[in-house]
Amino acid sequence: MSPTTEARPAVRHHSVAADAAPPPRRRRRPTSQQWAAWGFLAPVTVYLALFYAYPLYRNIDLSLRNYTVRSFVQGNAPFTGLKNYLTVFDDPTFAPALLHTVVFTAVCLVFQYAIGLALAVFFNQHFRLSATLRALFLVPWLLPLIVSASTWSWMLNSDSGVVNAALHAVGIGPVNWLTSPSWSLASVIIANIWIGVPFNLVVLYSGLQSIPASLYEAAALDGANAWQRFWRITFPLLRPVSAITLLLGLVYTLKVFDIIWIMTKGGPADSSTTFATWSYQLGFGNLLPAFGPGAAVGNLLVVAALMFGLVYVRAQRRQASS
């Protein structure tokens, strides 16, 4: 056997192995649809980064450093850790502000949702002029907050307000709505409820439109009255819409500042001070601003909103899995 014949099988084996090797993968180029998707996503990403992520980062940085007016401009504030948060917790204003924030948020949410739901059910009857009246109820929501707050300040004025004039007409003495520590928080709550009802009305009314009318017809044939139809059909089927309405209302109410500041400025004697107004007072309401504690109070509001948001997401996942 010659050397050439012995080498042939080896060469054939090598060629088979080379043929069996997978070809190198080519990197896929983005398709036109992927480029379009990135094009639509880029503005949103830039917007969130500039107007949400960066301000949140700056607020956290403010709360962890000892900023003064000079260091705020020059950017050389010393790092203090959680000292600003401890200062906020030890402040005598913390407990009243926390209580006022909880009361203001809870009462506004309950009444805004209850009144908005009642109006949504009322307008769902589709009577004559229902569309016109529904549009008129949107006026408080469409007005600028400074206009609404100024209007309520005039209406609740102790000397020349129309509310005290109406009370005097029925034999009730004047009430110091904005200057009495007993009534200042109630005054701003009333104004905020008036402003927030239209939002609940719009969202809940849209939710009612998705409920099939055949369910009400079947319940009526079974002898269910209007109250039973509401509790057994309307209210259960509105739970997803009610959940998102309450969550959005909670986030909005936690950060309400304009109405309180224009009407009472958090007073008198901090009787209507909430975390939102207190944060502003610490950061901008004094000759020597306390940027760090003011940012710490603002971050507490952010944490509270995130906690309720996580609770909502978890509840939605449980509902979807069940």
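1. What volume does the largest pocket have? The volume is about 1,200 Å³, where a volume is the space filled by probe spheres set on grid points that are joined across faces, edges and corners. A pocket is an open set of points on a 1 Å grid over the protein atoms alone, with protein on both sides within 12 Å along at least five of seven lines, whereas a cavity is a set of points where a 1.4 Å probe fits but cannot get out; lining residues have an atom within 4 Å of a point.

2. The basis of the note is as follows. This is a predicted model, in which local features need pLDDT of at least 70 and side-chain atom pairs count only at pLDDT 80 or more, while totals for chains, interfaces and linings use all residues. Residues are numbered from 1 along each chain as its sequence is written, and side-chain values use heavy atoms, with hydrogens and water left out.

3. On the lining of the largest pocket: there are 37 lining residues, and those closest to the centre of this pocket are Val251, Lys255, Gly298, Leu301 and Val302. At least two lining residues come from each of α2 (32-63), α10 (184-209), α13 (239-254), α15 (275-284) and α16 (291-321); helices (H or I, at least four residues) are DSSP runs, numbered from the N terminus. Helix α16 gives the largest share, ten residues. By class, 24 lining residues are nonpolar, twelve are polar and one is charged. Here Ala, Val, Leu, Ile, Met, Phe, Trp, Tyr, Cys and Pro count as nonpolar, Asp, Glu, Lys and Arg as charged, and the others, Gly among them, as polar.

4. Two of the helices that line the largest pocket, α2 and α16, also pack against each other, at an angle of about 130° and with their axes 7 Å apart. Axes are lines fitted to C-alpha atoms, for helices over the stretch in contact, and angles run from 0 to 180 degrees between N-to-C directions. The angle makes α2 oblique to α16, since angles under 35 degrees count as roughly parallel, over 145 as roughly antiparallel, 65 to 115 as roughly perpendicular and the rest as oblique. The crossing of α2 past α16 is left-handed; a crossing is left-handed if the near helix is turned anticlockwise from the far one by less than a right angle, and right-handed if clockwise.

5. In the contact (heavy atoms within 4.5 Å) of these two helices, α2 contributes Leu56, Asn59, Ile60, Leu62 and Ser63, and α16 contributes Phe291, Gly292, Ala295, Ala296, Gly298, Asn299 and Val302. Seven of these residues are nonpolar, five are polar and none is charged. Asn59, in helix α2, touches Ala295, Gly298 and Asn299 when its neighbours within four places in sequence are left aside. The C-alpha atoms of Asn59 and Asn299 are separated by 7.3 Å, although the two residues are 240 residues apart along the chain.

6. The pair α10 and α13 likewise belongs to the lining of the largest pocket. Their axes come within 10 Å and cross at roughly 155°, and the two helices are therefore roughly antiparallel. Helix α10 passes α13 in a right-handed crossing. The contact joins Asn192, Ile195, Phe199, Asn200, Val203, Leu204 and Gly207 of α10 to Val241, Ser242, Thr245, Leu248, Tyr252 and Thr253 of α13. Its residues comprise seven nonpolar, six polar and no charged.

7. The second largest pocket holds about 400 Å³ of space. Of its 14 lining residues, Val121, Asn124, Gln125, Tyr216 and Thr234 are the closest to the centre. Helices α10, α11 (213-221) and α12 (226-237) each give two or more residues to this lining, and the largest share, six residues, belongs to α12. The lining has nine nonpolar, four polar and one charged residues.

8. Helices α11 and α12 pack at about 160°, with axes 10 Å apart, and are therefore roughly antiparallel to each other. The crossing of α11 past α12 is right-handed. Leu215, Tyr216, Ala219 and Ala220 of α11 meet Arg229, Ile233, Thr234 and Leu237 of α12.

9. One cavity of 30 Å³ or more is counted, and the largest cavity has about 30 Å³ of space. Its lining consists of Thr101, Phe104, Thr105, Thr253, Leu254, Val256, Ile260 and Thr274. Both α5 (94-123) and α13 give two or more of these residues, with the largest share, three residues, coming from α5. Four lining residues are nonpolar, four are polar and none is charged.
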